[in-house]
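Subject: Handover of a structure for your records

Dear colleague,

Please find below the structure that I am handing over to you. My notes on what was found in it follow.

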Amino acid sequence: MSALSGTVDTARARPADALAAWARRNAWDLGLVGFLVGLLVFTKLIQPSYGVPGVQGLAISVLPLALAAVAQAIVVLSGGIDLSLGSMMALVNVVAATQMQGQSEEFGVAVVLGALLLGLALGAVNGSLIVLTRVPDIVVTLAMSFVWAGFALLVLPTPGGGSAKWLPELVTGSLGNEWIPKAAVVLIIVVALIWIPVRRSWLGLSLYAIGSNRLAAFRSGVSVGRTRILAYTLMGLFAALGGLSLTASTGIGIPVPGPYTLLSVAAVVLGGVSLAGGRGSVFGPILGVIILQLIRTDMTFLDVDTNLATVLQGLILIGVVMIGSLVQIRASRA
Amino acid sequence: MTQASTRIRLLVGVAAIMVAASACTGAASPSGATTYKIGYSNGGGVGNGFREEQVCTAKAQALVSGQVSGLTTIHRNTDAAGQLSDIRDLISKGVNAIVFNPNDKAALNPALQEAKAAGIKTVSVDAYVTDPNTYNLYNNQVKYAELGAKWLFDQLGGKGTVYYMRGLAGHPADSDRDIGFKNILKDYPNIKVVPNANGVATGWDPPTATKLINDFLASGQYDTIQGIWTSGMDSMVVDAIKAAHKPFVPIVGADLGAFVKQLLDPVGYPGLKGVAVTNTAAVGGAGIALALKLLKGEAVTTDPSASQPNTVLLKPVAVDNLSDNSKAQLKSWQSVPGLDPNWPLGIQIDGWTTYTPAQAIACKGPGG
């Protein structure tokens, strides 16, 4: 409370202090940006030819992971978790790929809109089940992960289907400058268009409120059940975007869920979102997935054995979170 | 004070890592003009004997060729999107050729086109891809399934129920085998397939196959069938039947060490009748040899009967344990000492691979 009022006062008086306060509030994200920049420099050092194709490849590889991370971050911020995220992405992916196959480009637009609605519906089902049945979110979403994965296999038993041509073109290549990959632009636009307005509305405030203290939020007049359902619905929308990005990058539908659920949880943790809810942003997890992907690329450049690379990736994840927490504890003591 | 010293320690650590890393790249640089850097991507089946042998033969062939200065192997379980990212990493690494076992026949095409644009030769092994510039080298999987299915249906006298245990859903080899299986099934109207015409997917994953057959045995369904067709997940099925104290039904498997050993062991597995269809995993090594030929601009003879252009098809053979002659042939396959029992026995491909069996088993590539 005192920190907040102090920030407001000094913001009028001294812009330098306001900047420092902003930096303190976003210390974790800034730390991640610093780590990412260091990692990019390191990448360039070990692979001097790393350049435009590398950055393009990074952006397109990161896109489904980043959308999954944003989806997971939203429910975690509201104090929940969703273990059916990967299955949802697979279901949306196969529905889009089967509906778009052999259809016109214009019909593809309708399919994409339909797929987004499907994602909203899947998320709303998860949220409603959790709120109405009062069964813990981990149990409900774990069960639903089998339901959605099963539906995905019913829709498309083996990989196949197709995609409208404009969808892959939307995320491959660059926009204007060759250093600006379309996939990154799409990610920024999508997150900015959906998340920023939500964050600034009553929904965003309620979402953080129920995440940090459900009882206090309830006593302040926040409708906890409705907000939780909306958080899962919003997650469903981002899961659908993630599923569509899979259709866009592979051009087909794949019914078996990829490793997105667990990677999204890892990215959320690395991104500085408290698993207890209420603290963090969706930007940290996006930085988190870029870092995780770039570490994997570096392992390839360094010819590290793939099995060992997986071990190292896990250790780096723990290490970064531990160091980050230590720095935060020291900063709060100072 | 403490913060400053922590920072210094961190900086020293980072610097040390960077120095170590740059030393690594120095060692990996090509020593002569005639050597190439090759990337290898395997996107699934980690721990499966076929995939492990395939990767090891690739390493061995790269080593003995003397023309490969570095072989970067990415061998992990992932989806098609993950393999796309692995191939792109190999492109960024600046390799001269990429040999890969595809997770899907069409999904990797965007990255393969990028490889072509970067002047990188691409070779798909074990299955084909639809990218027109990629060379495909694989076992004729349609024929593979046809040989085993025909043997099995003939064993049953053209009448009975068969449990159809397939591989990895969506893998081109699995799709081709399904075509072959159904080609033969058409000629046998009195053969019934369970659990349904499309079979069950083992994912070529030993634990999954074991779970499937155990469920099948426990539910009593096993007592209603007369034969089993497997897509190479064979020895665990035989062991599960033995553990359940059920009589064996004729079974189709691959030329995997453990299965061939079971076929030749009438004491341990009394009454076991089976056929082993060859599906050499040395496609990994042959793929490296093919990539080197392409890099040197040598001519490659392709098979016009394949579904894709630029395809080299390898022919499978089927050998059962029913006659002395065929048993002697199975025995001759077992001649490699030290071979992992889960590896396919066909460790070489004539005209393509030049390593010794010991080199394949050692699983050592160039530069490490």
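Two residues are said to be in contact if their C-beta atoms, placed from the backbone, lie within 7 Å. This is a predicted model, in which local features need pLDDT of at least 70 and side-chain atom pairs count only at pLDDT 80 or more, while totals for chains, interfaces and linings use all residues. Residues are numbered from 1 along each chain as its sequence is written, and chains are lettered from A and ligands numbered from 1 in the order in which they are written.

**The contact between the chains**

Chain A contributes 32 residues to the contact and chain B contributes 36 residues. On the side of chain A that touches chain B, at least two residues come from each of helix H3 (27–46), H4, helix H12 (224–250), helix H14 (283–301) and helix H15 (306–333). H4(A) gives the most to that side, with five residues. Helices (H or I, at least four residues) and strands (E, at least two) are DSSP runs, numbered from the N terminus.

Thr300(A) lies in helix H14 of chain A. Apart from neighbours within four places in sequence, Thr300(A) is in contact with Thr72(B), Ile74(B), Asp89(B), Leu90(B) and Lys93(B). Thr300(A) counts as buried because it has 23 C-beta neighbours inside 10 Å. A residue is buried if 20 or more other C-beta atoms lie within 10 Å of its own, exposed if 12 or fewer, and partly exposed in between, with C-beta atoms placed from the backbone.

**The nonpolar core**

A nonpolar core is a set of buried Ala, Val, Leu, Ile, Met, Phe, Trp, Tyr and Cys residues joined through C-beta atoms within 7 Å. The largest one has 195 residues, of which Ile74(A), Val92(A), Ile38(B) and Val99(B) touch the most other members. Helix H4 (residues 52–77) of chain A supplies the largest share of this core, 17 residues. Apart from its neighbours within four places in sequence, Ile74(A) is in contact with Ala231(A), Leu234(A), Met235(A), Phe238(A) and Val282(A).

Two packed helices are described by the angle between their axes and the distance between the axes. Axes are lines fitted to C-alpha atoms, for helices over the stretch in contact, and angles run from 0 to 180 degrees between N-to-C directions.

The axes of H4(A) and helix H13 (residues 260–270) of chain A come within 8 Å and cross at roughly 65 degrees. H4(A) is therefore roughly perpendicular to H13(A). Angles under 35 degrees count as roughly parallel, over 145 as roughly antiparallel, 65 to 115 as roughly perpendicular and the rest as oblique. The crossing of H4(A) past H13(A) is right-handed. A crossing is left-handed if the near helix is turned anticlockwise from the far one by less than a right angle, and right-handed if clockwise.

H3(A) and H14(A) pack with their axes 10 Å apart, at an angle of about 20 degrees. H3(A) is therefore roughly parallel to H14(A). H3(A) passes H14(A) in a left-handed crossing. Among the residues that make the contact are Trp28(A) and Leu32(A) of H3(A), and Phe283(A) and Leu287(A) of H14(A).

**The domains of chain B**

The domain assignment of chain B gives domain 1 (33–139 + 281–314 + 347–362) and domain 2 (141–277); such bounds come from an automatic or database domain assignment. The centres of the two domains, taken over C-alpha atoms, are separated by 29 Å. Their contact takes 13 residues from domain 1 and twelve residues from domain 2.

Ala145(B) is placed in helix H5 (residues 141–155) of chain B. With 28 C-beta neighbours inside 10 Å, Ala145(B) counts as buried. Not counting residues up to four places away in sequence, Ala145(B) touches Arg177(B), Gly180(B) and Phe181(B). In contrast, Pro270(B) counts as exposed, with 10 C-beta neighbours inside 10 Å. Pro270(B) is found in the loop between helix H9 (257–263) and strand S11 (274–277) of chain B.

**Backbone details**

The peptide bond from Val194(B) to Pro195(B) is cis, with omega near 0 degrees. Arg134(A) has phi near 60 degrees, a positive value in a residue other than glycine. Arg134(A) is found in the loop between helix H6 (105–133) and helix H7 (137–155) of chain A.

With kind regards
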